[in-house]
2 protein chains.
Amino acid sequence: MSTLWSKSSWTLVTQSARLLRRLTTRPPNLNCCCVALLNSDSRRRFTVTTAHRRQAPPHSTVADMAPKAPKFDIKTPKGTKDWDGVDMLVREKIFSSITDVFKRHGGTTIDTPVFELKEILAGKYGEDSKLIYDLADQGGELCSLRYDLTVPFARYLAMNKDITQIKRYHIAKVYRRDQPAVSKGRMREFYQCDFDIAGTYDSMIPDAEIIRIINEVFDSLGWKGTYTIKLNSRKILDGIFQVCGVPEALIRPISSAVDKLDKMPWEDVRKEMVDEKGLDLVIADKIGQWVVLKGQRDLLEKLQQDEELSKNPSMAQGMADLDLLFTILEYFDALHTVSFDLSLARGLDYYTGVIYEVVTEGSAPAVSAAEAAAQAAARPSKKKAGKSGDPDEDRSNDPTLGIGSIAAGGRYDNLVGMFSGKTQVPCVGISFGIDRIFSITKARMAAQKTTERPRKTDVDVYVMAFGGGKDFTGLLKERSQVCARLWDAGIKAEFLYKVKPKLPAQFKAAEQNGVPFALILGEDELAQGKVRIKEMGLASDHPLKEGELISFENLTEEVQQRLTRKKQLDSITQQAGGLRVVHGIKGEDVKA
Amino acid sequence: MSTLWSKSSWTLVTQSARLLRRLTTRPPNLNCCCVALLNSDSRRRFTVTTAHRRQAPPHSTVADMAPKAPKFDIKTPKGTKDWDGVDMLVREKIFSSITDVFKRHGGTTIDTPVFELKEILAGKYGEDSKLIYDLADQGGELCSLRYDLTVPFARYLAMNKDITQIKRYHIAKVYRRDQPAVSKGRMREFYQCDFDIAGTYDSMIPDAEIIRIINEVFDSLGWKGTYTIKLNSRKILDGIFQVCGVPEALIRPISSAVDKLDKMPWEDVRKEMVDEKGLDLVIADKIGQWVVLKGQRDLLEKLQQDEELSKNPSMAQGMADLDLLFTILEYFDALHTVSFDLSLARGLDYYTGVIYEVVTEGSAPAVSAAEAAAQAAARPSKKKAGKSGDPDEDRSNDPTLGIGSIAAGGRYDNLVGMFSGKTQVPCVGISFGIDRIFSITKARMAAQKTTERPRKTDVDVYVMAFGGGKDFTGLLKERSQVCARLWDAGIKAEFLYKVKPKLPAQFKAAEQNGVPFALILGEDELAQGKVRIKEMGLASDHPLKEGELISFENLTEEVQQRLTRKKQLDSITQQAGGLRVVHGIKGEDVKA
């Protein structure tokens, strides 16, 4: 913005503003030089141009601190956002559903710092390491923002040698300098909800419980039947690569290429293997026979019947694992949600066994990159839909970008040993991508066009003063004292921050926040030791429409009784209306 | 550590480790070259020395990923820590007590990114700005970790012009590159719990409600009578400075010096004013008459009676404010917790009105800096108690450092305008320092030497297999299916991850986690359509000591009935034993 203004016009603006301030002694109205940018991607982005804050003396006094808006964008950093209002309520509901499931399976929670020593994260994330945020070197230790919750968990286990078995969950923000697509929940700062089972146990039982947990989480969010758990094993994948003849050093790069099969056709992946990674064409074609296959027990049997594959030790182990896993998943009534998918590879270095990724409608891009390229070639290109170019640019409108996986994880038996040096603690876990789950939930809510708005606060009682005329005191003392009594009793209460409030303004405030009860103080009633309580929103012919007089002395008990009664009634109404917790989240709505 | 080893000895170590691995095909046991450092300050600090991870090829295969411990310290960054176990439970309890209070006063929550644009934070924190953590410049925007939750809140209000009134709370981590003292809760990463009231209202009503909220928070934590709210007004302080003749440009620096009166005697503060800030000695002595005074209404009256002070406009406004504030605090039954303290100045630039800081036993240092200096001079100095020198060094054992204030805040009417340029949104708020509150809670718990340990998980039922002999299958299928049925019913359940578990191992696991019920599957009972349920920890002569046989078909209902009954019984026992939620936190214990 600042380039729009020459230096001399700036001086003029600053001077006018100063003059205006002197004249009005109120905050200067800078309408004349304010430009509000309403960006379609980011409604709240707001730009003002005026004197730069840094021109103020380093120690400005109170008087000096009158508004001097800065000339930079007032916004959150790219790929991050503020959470508030209904969004916050919906997200809290998602967190609590997930936490319930984690606790149901014996999970206990830990909290690790948001940054780790840089060296802790080094060499753990393969090609994605370039996306790690570093802290500036300001002296002392070099640190980076955590990239996931898994590596910090492994570091924690390596430091706490007395913990050899734990089911831990962790709900916290992680950081990736990826190209953002905010409306699709692809953020640079985003929440992960992780559940991991650490310890040496009999094979595949914890792995199966993790898959079962995935089922319970999405079922509790009302997504039953709308998600698929893609599953594979690093042992099987490595076995296939070995049998096909991939050189040892190329196994992870080729694995990364295979992982792109959900976004690219086999031809493009094959090209990447051969042209970029230098794989022999014959080997690539051998791989191509296998990695495009999907199934369940049928696919496992097909692999088991292949003599060459079966002889490979990694392959044999991987197949035995999956055989057992499928059996336990049957016991857990969770096998039907799983798709054994040989194209699933996962980018991270640290997986050693079973890997999985959860997808749903919207995970895949609307248009494949190849289709988009074909379409672009067919018409004169006007703009690039934010796809390439500036890596900071938001890709929300890019049709070649889907929401991606909504949860992912796997077994990592050697990660703790990378820190502890000797004590291995095998682990298996799952990470839920809350921002993506939220985006899908939000889109469903919008599609349902729900008109009902959840309450933003939990306040139960609005304390009001009734009166008028020139002798009306406003009863600030009485309102304050009544609120203090209600708060003492644990009752949520508010009153208008006005010495002499008008009744309509008080009712308006109560209605805006959906407060269920008004407690109205009047001088005449107080003189008789009474106050009026009125339930809000009653029909005009309701017998209690005008409220009831209750004893001032026992007002907390009287209020408490009415709150309890109302809660019971609301609960019955809610049960009758089905399990609608926050609309759109819980079961029934989604099915309908 | 690495400096302890020459390069050639390193090579030797690495070669031995490789040899060992080849011989054992198990993770190499590096006992021979492992050194564990058990630091007294940080029990969990753990150092291993062996081949550096980075020596591995960039794309290591699964086989390559066998343990290669790094040669750096495996630890969290200085001034940060992991939270787990009982600490986590205690902290969660503190959060929920505070959130209850915030909601009782109509608070609604928001969540902002952990980093902000660097420019957003610039010029807001006075002398403390040097403590801001910057992110490295990796291309794109320059960002810093948030220093508090107040500036991000003001930025949020400036971006959301439709929000002119809000009571918002925010519980999140903030970051300061200060010298840490971990055991005193002085961390570089720490939680703040903020409650702020934004909007234009009649004077002092929201300010009084914030003070009332401080009372409710500490009372709900069981600290009644053990804390003091030090209170002052920037308007009064600035008025005093103006009347004493402090030049406008020196007002904030002199204010910062006055703020140190809780840690330094007046003589030292006076010296700083004159020698470091260049204030006239006569002016300093005038200030000294006032800023050492403490009181309540009596002190306010003393100020009001001073003719010279009363004529100053800032002073007059400040005194009228406090008069009204004290009156409303009386209505709220909260005045007795407040100490009007003219030495309180608060370091931050953005306050414009009332300011406050909550202190408790332990807030002040055990030994003043002057005393410590005198003591040091009197004896041959051996070590510096970690006071000066390395700014990264932990100061937990420094007696000149107290825990400091446990909550602080004030009115900031111009901060939103510093972003929005014209629309001012006056604000007043409070920030609770959770890590310090936690440290004091923990110390109290230790002093009480409670032996009872809270449960780490919420699991209600441990599902076990009973049997033996060579035909014993282990009943993995049945245990899995029973767990799946319990989980479907929302019951928290676990089982041992072993195909053929022994009964004692299963009971041990259940006891370790304090699981209240065992559900024991046996082949004979299953054949009769029965399973055994047994409440754990019953006395040896209890009639149900050996458990009861219940119907396999209705087992979820049978389990649910017993859980409900046990919860009711526990609740009655708890009520009888007083309100002990997590021991040491809730009221009664502390009083006793």
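Analyst: The account below begins with the sheet and then widens to its surroundings.

This is a predicted model, in which local features need pLDDT of at least 70 and side-chain atom pairs count only at pLDDT 80 or more, while totals for chains, interfaces and linings use all residues. Residues are numbered from 1 along each chain as its sequence is written, chains are lettered from A and ligands numbered from 1 in the order in which they are written, and side-chain values use heavy atoms, with hydrogens and water left out.

In chain A, 9 strands make up an open sheet of mixed pairing, in the order 1-4-5-11-10-9-6-8-7. Helices (H or I, at least four residues) and strands (E, at least two) are DSSP runs, numbered from the N terminus, and two strands pair if DSSP finds at least two bridges between them. The edges are held by strand 1 (108-109) and strand 7 (294-295) of chain A, each with a single partner strand, so one side of each has no neighbour in the sheet. Helix 2 (residues 85-104) of chain A packs on this sheet, touching strand 4, strand 5 and strand 11 (427-433) of chain A. Contact here means heavy atoms within 4.5 Å. The direction of helix 2 makes about 5° with that of strand 5 of chain A, where axes are lines fitted to C-alpha atoms, for helices over the stretch in contact, and angles run from 0 to 180 degrees between N-to-C directions. Strand 4 (residues 166-175) and strand 5 (residues 189-198) of chain A are antiparallel and joined by 10 bridges; Ala172(A) stands opposite Gln192(A) of strand 5.

Phe102(A) and Tyr169(A) form a tilted aromatic pair, 5.6 Å centre to centre with 45° between the planes. Rings of Phe, Tyr and Trp (its six-membered ring) pair if their centres lie within 6.5 Å; planes under 30 degrees apart count as stacked, over 60 as edge-to-face and the rest as tilted. Because Phe102(A) belongs to helix 2 and Tyr169(A) to strand 4 of chain A, the pair ties together parts that are 67 residues apart in sequence. Phe102(A) is buried at 0% relative accessible area, and Tyr169(A) is buried at 8%; buried means under 20%, exposed over 50% and partly exposed in between (1.4 Å probe, protein chains only). Both belong to one aromatic cluster, together with Phe195(A), Phe218(A), Trp223(A), Tyr227(A) and Phe432(A).

Phe432(A) leads on to the core. Beyond its neighbours within four places in sequence, Phe432(A) has contacts that include Ile98(A), Phe102(A), Tyr191(A), Gln192(A) and Phe218(A). The largest nonpolar core has 107 residues, and those with the most contacts inside it include Phe218(A), Phe432(A), Leu486(B) and Leu519(B). Such a core is a set of buried Ala, Val, Leu, Ile, Met, Phe, Trp, Tyr and Cys residues joined through side-chain atoms within 4.5 Å. Apart from it lies another core, of 106 residues, including Val559(A) and Trp290(B).

As for the whole, chain B can be laid on chain A with an RMSD of 0.0 Å by a turn of 180° and a shift of 0.0 Å along the axis, with copies superposed by least squares on the C-alpha atoms of residues with pLDDT of at least 70 in both. The two copies are therefore related as by a two-fold rotation axis. The same surface serves both copies, as 100% of the contact residues of chain B recur in chain A.
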